[in-house]
Amino acid sequence: MTKTVMLVEDELLVAFDVQDIIEAAGFAVDGPYVSVAEALEAVDRQLPACAVLDVQLQDGEVYPAADRLQEAGIPLVFHSGHADAHILRARYPSAAVCGKPCSPSKLKATIANLLEE
């Protein structure tokens, strides 16, 4: 069965690029979700194998969804150009941080590594 990666990203062009990267790595994509509210609803419906999260969304910061995913033991990849990597790593020690812009190969490898663990 193909593992599913949740994508939370409010910039449509970036979301499509990241979706292509995830699918090229052999995973299914759930999303993209453009808001915290949408992301929380998706988490309530079904937990993904991994999540790629932008920090700044249409309705605020992604942290409520990230907290819920972390509590459920879901590996997180923060993919953001507006967040401090040190703060993210302090709050989410097991999460990966890929700042924007991030090379497709690095993002693909990061997701694959988290899903292999």
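Helix packing and aromatic rings

Analyst: Val36, Ala39, Leu40, Val43 and Asp44 of α2 meet Pro64, Ala65, Arg68 and Leu69 of α3, where contact means heavy atoms within 4.5 Å. Helices (H or I, at least four residues) and strands (E, at least two) are DSSP runs, numbered from the N terminus. The model is predicted, so local features need pLDDT of at least 70, side-chain atom pairs count only at pLDDT 80 or more, and totals for chains, interfaces and linings use all residues. Residues are numbered from 1 along each chain as its sequence is written, and side-chain values use heavy atoms, leaving out hydrogens and water.

User: At what angle do helix α2 and helix α3 pack?

Analyst: Axes are lines fitted to C-alpha atoms, for helices over the stretch in contact, and angles run from 0 to 180 degrees between N-to-C directions. The axes of α2 (residues 36-45) and α3 (residues 63-71) lie 8 Å apart. The packing angle is about 20°.

User: Which residues form one aromatic cluster?

Analyst: Rings of Phe, Tyr and Trp (its six-membered ring) pair if their centres lie within 6.5 Å; planes under 30 degrees apart count as stacked, over 60 as edge-to-face and the rest as tilted. The rings of Tyr63 and Tyr92 have centres 6.3 Å apart and planes at 15°, so this pair is stacked. Phe78 and Tyr92 make a tilted pair, with 5.1 Å between centres and 45° between planes. The cluster therefore consists of Tyr63, Phe78 and Tyr92.
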